[in-house]
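Subject: Structure handover

Hi,

Here is the structure I promised to pass on to you. Please open it alongside this message, and then read on for what turned up in it.

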Amino acid sequence: MQSKNNSLFQLAVIVSALGFFVDVYDLLLFGIIRKPSLTDLGLSPAEVLLQGEFIISVQMVGLLVGGILWGIIGDKKGRLNVLFGSILLYSIANILNGMVTNTTQYAILRFIAGVGLAGELGAGITLVSELLPKEKRGVAAAMVASFGILGAVTAFFMKEIFFWRTCYYIGGVLGLVLLLLRVSVHESNLYTQLKTTVVQRGNFLMFLTDRKRFFRYMRCILIGLPAWYIIGILVTFSDQFGVEFGIDNIDPGKAIMFQYLAIAFGDLSVGLLSQRLKSRKKALFIFYAITIFFTTMFFLQQGGSATTFYLICAGLGYGTGFTVVYITMSAEQFGTNLRATAAISIPNMVRGALPLIILLFKFIRNLFDSYVTGGWVTGIILMTIAVIAALYTEETFGKDLNFVEE
């Protein structure tokens, strides 16, 4: 019996890791092929920048909408239903993305893909957290995240080998193959037991109607904001920062590849560190410090080299490994009847905040009439908010997850 349970646990971890691999591949693909795809559609360099900001914002709004939608479904209908439905939606959207002929079609399909991509990571982490013993769930979540992050590295190499449209087709096919693997995964026992009770499941309004629960939910969102400042501003638009720093020929796709390769190691490291320290929060603050250090280095490289630039992006990625901790903390903060809603919606609220982060960045850079100043001032604001939120967030290491929200 123990051997059978171990096999089920291992299968859940492996399939969740593969799922996140495909999720990250598709999520970061636009950032990696933004310039060649938009240039191929006939846009000028100035339009590539403006439309690139717009389309990535639309994709992130899709993630925000999908985060709420799939979260509710995850608690009402089960974690596996989210995994099946979200994979099917983003796989089809990505195949169609390879056929676009204008930016309107591009934006619409990135929105639909965003809705689909929203369900993968949170549902996988929720399932793994509920299936595995509490002393193993932190490391298991880190393994899922660290392997999944390699999807971004794969996306970069696909971009180097194939035409941008083919890259989207590959992502869609990978998703459909993954759908077949999902069939072997079992539903969480905690959720199966929950279905026999009369407690409310997946009621998103419960986050808004109770003051303490609302602030608990908001803190989980705020502690993740620096991750998408790093990913969505510094690295996605690294070519523009390179110009401002006097560093020529920075390839955003390569910058993303270096960052995400390092995030894979950061995710695994932070998971092992939290296990050793027996604390999610201590590990989170250590990785915040790493992120702050490399962000400072990023803005001090005036006149540097492309090699140094990419290495700093890797350092930023390693620090951004704290994402697995805040997502795991989000799953552990809430009862079984709201756990999927929280764990799926929170990282997507963070991703969905990117349009607001971009607006803040634009406002500050226009205020100071400086792209670089806009970048570091935005970073200070978001990092300060995240640290304050983390200070007031509950420690969840070793917490018993067999409870419900009333």
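Below are some notes on the fold, the cavities and a few individual residues.

First, the conventions. This is a predicted model, in which local features need pLDDT of at least 70 and side-chain atom pairs count only at pLDDT 80 or more, while totals for chains, interfaces and linings use all residues. Residues are numbered from 1 along each chain as its sequence is written, and side-chain values use heavy atoms, with hydrogens and water left out.

**Overall fold**

The chain has 19 helices and 0 strands; these are DSSP runs numbered from the N terminus, with helices being H or I of at least four residues and strands being E of at least two. Along the principal axes, the C-alpha atoms fill a box of roughly 60 × 45 × 40 Å.

Of the 406 residues, 59% count as buried. Here buried means under 20% relative accessible area, exposed means over 50%, and partly exposed is in between, with a 1.4 Å probe and protein chains only. Taking the contacts (heavy atoms within 4.5 Å) with a separation of 6 or more, 84% are between residues 24 or more positions apart.

**Cavities**

Rolling a probe the size of a water molecule over the atoms shows where empty space is left. A cavity is a set of points, on a 1 Å grid over the protein atoms alone, where a 1.4 Å probe fits but cannot get out; lining residues have an atom within 4 Å of a point. Grid points are joined across faces, edges and corners, and a volume is the space filled by probe spheres set on the points. This rule gives 3 cavities of 30 Å³ or more.

The largest cavity holds about 180 Å³ of space. Its lining has 19 residues, and those nearest the centre are F20, L121, W228, T323 and R351. At least two lining residues come from each of α1 (2-40), α6 (137-161), α11 (225-235), α13 (252-277), α16 (323-333) and α17 (336-352), and α16 gives the most, with 4 residues. By class, this lining has 15 nonpolar, 2 polar and 2 charged residues. The classes are: Ala, Val, Leu, Ile, Met, Phe, Trp, Tyr, Cys and Pro as nonpolar; Asp, Glu, Lys and Arg as charged; and the others, Gly among them, as polar.

The second largest cavity holds about 50 Å³. Its lining consists of L27, L28, F30, G31, I56, Q59, M60, W228 and T236. Two or more of these residues come from each of α1 and α2 (45-76), with α1 giving the largest share, 4 residues. In this lining, 6 residues are nonpolar, 3 are polar and none is charged. You will find W228 in the lining of both cavities.

**Residues to look at**

Helix α1 contains L11, which is partly exposed at 27% relative accessible area. L11 and S57 are 46 residues apart in sequence, and their C-alpha atoms are 35 Å apart in space. D40 also belongs to α1 and is partly exposed, at 44%. Leaving out residues up to four places away in sequence, D40 touches F163, W164 and R165.

S91 sits in helix α3 (residues 79-97). It is buried because its relative accessibility is 0%. Apart from neighbours within four places in sequence, S91 contacts G172, G175 and L176.

On cysteines, there are 0 disulfides, a disulfide being a pair of cysteine sulfur atoms within 2.5 Å. C220 is buried at 1% relative accessible area, and C313 is buried at 0%.

Last, the backbone. Most residues other than glycine have a negative phi. N249, not a glycine, has a positive phi of about 60°; it lies in the loop between α12 (238-245) and α13 and is exposed at 76%. D369, also not a glycine, has a positive phi of about 55°. D369 is in the loop between α18 (354-368) and α19 (371-391) and is exposed, at 71% relative accessibility.

Best wishes

How values were computed: 1 Å grid on protein atoms, 1.4 Å probe; cavity = no way out; pocket = protein on both sides within 12 Å on 5 of 7 lines; lining within 4 Å.
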